[in-house]
Amino acid sequence: MEKPLIIPFFIPHVGCPFTCVFCNQWEISGEKEAIQPEEIADYVDAYLKKARLWPDRYVEIAFYGGSFTAIPPEKQGEYLQAAAEQKRKGRINGIRLSTRPDFINKEILDRLFFYGVTTVELGVQSLVDEVLKKTGRGHSVADTLTATRLLRKYPFQVGYQLMLGLPGDNRSFARLTVEKAVAAAPDFVRIYPTLVLKGTILATWYKEKKYQPWSLEQAVETAADWLGTFSFYGIPVIRMGLQAVENLSLQQDLLAGPYHPAFGELVESHLLLEQMQTGLSELELQEGEALTLSFHPLAQSKVVGQKKLNLVLLREKYGIERIKLVPQEKLAKNNLEISTASQSVTIKRQDFLKKYRI
Ligand code: SF4
């Protein structure tokens with residue numbers, strides 16, 4: 001299925017009474033002022049003129065940024081009315097917004113339903129209370145689960161935005177978060193590694209050595225664990241890592257942390273490395289042996305890894321002399337075949353993912 005065309009509106013910090021330690025919404029959104037409801041129609045016009053549209057392309061207005069449902073109700077109504085008007089005219093198909101789990105109640109959801117909102121993304125971040133507390137989120141895990149249950153009474157798609165490497169987070173808490181997230185069964189998730197941005201509380205803590213961001217390696221490994229787990233349970237991961245937005249001054253504002261422009265690709269590549277190792281563990285390899293690795297052509301860059309990292313790691317760990325790469329159209333995407341002169345093994349993605357069963 002083609003990706004929907006999303007027309008994003010950033011409503012940064014409007015209505016947000018909180019100060020999460022990692023948050024620097026202005027920098028993340030790359031927009032200094034929130035768009036006003038009366039500007040939405042013209043903006044949609046301009047956006048649709050520039051976009052690649054085809055007859056059945058699904059188009060959505062998305063209210064990202066702060067905490068949409070924490071905005072005064074009249075203002076929410078104005079934004080939603082403007083979006084609903086575009087939907088009524090058939091110029092868009094859906095309305096999506098992101099908000100905090102503790103700003104969800106029946107009255108709020110009735111309003112969203114009334115205006116035809118289709119998707120609600122919750123800023124869940126972590127499903128461990130200790131981490132939420134240290135991060136200054138101001139809500140609990142119970143708030144998230146209650147919000148999710150309430151959302152399920154409406155026909156909304158429910159998304160979870162999750163972060164790894166927050167203050168107090170560690171591998172076992174990250175595992176707990178993914179397990180609880182799977183149990184809550186969102187329709188999709190986004191995964192973000194915690195970055196230290198200038199002007200945030202986290203930046204102060206970092207300078208005072210009270211917070212140490214995760215290494216890129218640790219963030220990639222954990223995100224791969226999450227990706228494997230969500231994939232096993234059929235929950236799509238629609239985004240990994242911050243998106244490069246126009247005017248984004250992330251490089252300038254980034255103080256520290258596991259940022260990589262192709263973070264998602266690194267994660268997928270790491271998952272393939274794990275899959276290759278599962279296959280190799282079934283072979284009896286001799287020191288200095290040559291290996292043939294077959295995969296779907298579209299998977300090649302992820303199989304090899306950035307700067308050939310996966311191949312380097314495999315050679316080192318298993319004492320492999322040579323790895324011959326054989327792209328094969330007949331293989332399903334993410335299925336692998338590994339063979340030596342005398343042995344061969346096929347590792348199907350679905351079988352490999354069983355190791356992520358909870
Ligand atoms: S609730 Fe959202 S917008 Fe408000 S401080 Fe936290 S992350 Fe930033």
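Author: Two residues are in contact if their C-beta atoms, placed from the backbone, lie within 7 Å. The model discussed here is predicted. Among contacts between residues at least 6 apart in sequence, 80% join residues at least 24 apart.

Reader: What share of the residues is called buried, and why?

Author: A residue is buried if 20 or more other C-beta atoms lie within 10 Å of its own. Buried residues make up 40% of the 358 in the chain.

Reader: Which residues touch the most other members of the largest nonpolar core?

Author: That core has 87 residues, and those touching the most other members are Ala-181, Val-189, Ile-191, Ala-223, Leu-227 and Val-267. Domain 1 (5–261) and domain 2 (268–356) both give residues to this core, so the core lies between them.

Reader: Why are α9 and α11 called roughly perpendicular?

Author: The axes of helix α9 (residues 216–232) and helix α11 (residues 263–280) cross at roughly 75 degrees and come within 8 Å. Angles of 65 to 115 degrees count as roughly perpendicular, and therefore the term applies to α9 and α11.

Reader: Which residues of α9 and α11 meet?

Author: On the α9 side they include Val-220, Ala-223, Ala-224 and Leu-227, and on the α11 side they include Val-267 and His-270. Leaving aside neighbours within four places in sequence, Val-267 is in contact with Val-220, Ala-223, Ala-224, Leu-227 and Met-240.

Note on methods. Residues numbered from 1 in each chain as written. Predicted model: local features only at pLDDT ≥ 70, side-chain atom pairs only at ≥ 80, totals over all residues. Buried ≥ 20, exposed ≤ 12 C-beta atoms within 10 Å, placed from the backbone. Core = buried A, V, L, I, M, F, W, Y, C linked by C-beta atoms within 7 Å. Domains from an automatic or database assignment. Axes fitted to C-alpha atoms, helices over the stretch in contact; angles between N-to-C directions. Helix = DSSP H or I, 4+ residues; strand = E, 2+ residues; numbered from the N terminus. Parallel < 35°, antiparallel > 145°, perpendicular 65-115°, else oblique.
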